[in-house]
There are 2 protein chains.
Amino acid sequence: MSTINDVAKKAGVSVATVSRVINGNSKVSPETVEKVKQAIAELDYRPNLLGRALRKTKSERILVLLPNIANPFYAEIVKGIEDVANKNGYSIMLCNTDSNQEREKKYIKMLKSRLADGAILMASEMTSDELTELAQEVPVVQCCEYKVGLPITHVSIDNELAAYKAVNHLIGLGHKKIAFIGAKNQFLSSTLRLEGYIRALTEAGIEYDPQYCAYGDYSYKSGFRAMKQLLALDPRPTAVFCVSDMMAIGAIRSAMEENLSVPDDLAVCGFDNIYFAKMFKPTLTTISQPMYDLGCTAMELLLNIIEDRDIETIHYIMEHELIIRESTVK
Amino acid sequence: MSTINDVAKKAGVSVATVSRVINGNSKVSPETVEKVKQAIAELDYRPNLLGRALRKTKSERILVLLPNIANPFYAEIVKGIEDVANKNGYSIMLCNTDSNQEREKKYIKMLKSRLADGAILMASEMTSDELTELAQEVPVVQCCEYKVGLPITHVSIDNELAAYKAVNHLIGLGHKKIAFIGAKNQFLSSTLRLEGYIRALTEAGIEYDPQYCAYGDYSYKSGFRAMKQLLALDPRPTAVFCVSDMMAIGAIRSAMEENLSVPDDLAVCGFDNIYFAKMFKPTLTTISQPMYDLGCTAMELLLNIIEDRDIETIHYIMEHELIIRESTVK
DNA sequence: TTGTATGCGTTATCAG
DNA sequence: CTGATAACGCATACAA
């Protein structure tokens, strides 16, 4: 591995000149440029990014922390992040936390030690205090999940309203016994989606009954199990709103096992609009989050913070959409 | 952001001593240790990883290049990689190349500039020459996809045999007109799976007919389209072997649109055993690759290279399994 | 046991 | 336009 020194020697110039040629922001005579470029080519020299980042205290790199790369929902967001990042000369590196606090801590440590210029956090497991402290020290944007009242820029959708609309759709179809499959965790979206569910019921004069609420962890299996439990209820629910598409698909398979037809015996609504939602039979009614745009926006906000710094905290709410398909309507 | 110098001053010792306390491999008196630890805590000091890596020419970091994080197949491999890496004190960072040569180059550049100690490559777009040169310079292991005859350690399954077994299964069910949905790209697995398909046909005395072969890009949509095309053939195929589960699912939906029943009118076999394969109706017959173990093994081989170096090139073939489900057998 | 000095590979400042 | 040199933050050989 050759260094800038080797190049300088070979070209018969100083390292400063080599650096100038590489970075191209000062005047260097055409002949010297030629000599240096030749030497670089011959030695197959590439600047050491560690040295450069150390010197410039800037790495042109962004960390993206996410709980689970297997979730297609995040994959689409990441695409948006990457496109904006690359357009602006940044590279992004994905950090799979597996919802594991220890792993997340390790990546946060890298971030704090300037391995990257900033980070986008999805579904972070950190406490409010930790987050606040982190955001003071390093450019950070939260995407999708966030905590209320923190001085941290975030982008998300209106989860309460989205759930409200989904459940209203089911009510509009004439359903009275509408179940809910949610998630029991520290995430704000979980609370908000439950609240939206309750508000829609209440406004329609339907009593909210916790018995008709079951909880999972967003996965197919947990949705399957939750639905099993709900279908044992008497009277059986005729519709269910799930806070993730994966759980909704699990719920449908659960109903199928009981020889119930979807949507005739059970209407199912999901959340996220992952692309499997339309590959499925029946195709899935769901809330579509603008995943790609969420990613783009998060990255743009982060760039603002990185480049300006003392910009004010922004809470950005993006539009969602109820997509009606076969799982609720024939 | 405080540095080792700040800590040294605050504790009234030299930076060397601070460094010793942090790394804990030399003798330091208990009292000094205490003083230093106190200073570190008060300043909330964390070593700058760039400086450290630059000095040690070792980063304890691994890059994983993959073409598409949205593909659940890779997600599972990554889990294996991460588990082994973490167990050995390494962190891994995911680089999504999007099958884009330019993006891949950028990440390779980071690797070469010692931002990481090594890399695991999945479905690399690099040429044989580029790969060979890279492997000479940096610890590298290829996972799943590789090129024959290169001096680069890799781990994969026997793709030819797997395809052979899958097609043999279809033949065993009595099918004669067996179609193939493959992928036209530079990857060895594409060629090998086609070869396995041909060998199975030939051994069974069925003539190989290129007309019954269509090609896609592993995606749902491309599988859907390819099947449309094959179903227009006369006589219509009664079975199809697809080189990815996503394409197989697309093929099934295509058949459904033509009011064909799977497996009665068309038997479908996929490849990969992504977990959606068993969520689907009908559940999908497929080849299961040991994804998690592939990841673990790739990482272990990489660690060997990193820690020993002039170890010889290893070509590791792992076991696969034909999993028979509803899409081929009632 | 501790401190001094050097170098990892860059870029930036300051002379010339 | 170019060169010498300091500095980024850290770890280590060598001295004390």
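Chain A can be laid on chain B by a turn of 180 degrees and a shift of 0.1 Å along the axis, with an RMSD of 0.2 Å; the copies are superposed by least squares on the C-alpha atoms of residues with pLDDT of at least 70 in both. That is the relation of a two-fold axis. Leu94(A) is the residue of chain A that comes closest to this rotation axis, at 2.4 Å for its C-alpha. Of the interface residues of chain A, 100% are also interface residues in chain B, so the copies meet through the same surface.

The model is predicted: local features need pLDDT of at least 70, side-chain atom pairs count only at pLDDT 80 or more, and totals for chains, interfaces and linings use all residues. Residues are numbered from 1 along each chain as its sequence is written, while chains are lettered from A and ligands numbered from 1 in the order in which they are written.

Next come the DNA strands. DNA strand C is surrounded by 27 residues, the closest being Ile4(A), Asn48(A), Gly51(A), Ala16(B) and Lys27(B) (a residue is near a strand if its C-beta atom, placed from the backbone, lies within 6 Å of it). Helices H1 (4-11), H2 (15-23) and H4 (49-56) of chain A, with H2 (15-23) and H4 (49-56) of chain B, each supply at least two residues of this surface; helices (H or I, at least four residues) and strands (E, at least two) are DSSP runs, numbered from the N terminus. Around DNA strand D there are also 27 residues, and Ala16(A), Lys27(A), Ile4(B), Asn48(B) and Gly51(B) come nearest. The largest share of the surface near DNA strand D, six residues, comes from H2(B).

Chain B also holds an open sheet of four strands in the order S7-S6-S8-S9, with parallel pairing (two strands pair if DSSP finds at least two bridges between them). Strands S7 (213-216) and S9 (267-269) of chain B stand at the edges with a single partner strand each, so one side of each is left without a neighbour in the sheet. S8 (residues 239-242) of chain B pairs with S9(B) over three bridges, and Ala239(B) has Ala267(B) as its bridge partner in S9(B).

Helix H8 (residues 159-172) of chain B packs on the sheet, touching S6 (178-183), S8 and S9 of chain B; contact requires C-beta atoms, placed from the backbone, within 7 Å. The direction of H8(B) makes about 165 degrees with that of S8(B), where axes are lines fitted to C-alpha atoms, for helices over the stretch in contact, and angles run from 0 to 180 degrees between N-to-C directions. Helix H10 (residues 220-231) of chain B lies across S6, S7 and S8 of chain B, at about 160 degrees to S7(B).

Methods:
Two residues are in contact if their C-beta atoms, placed from the backbone, lie within 7 Å.
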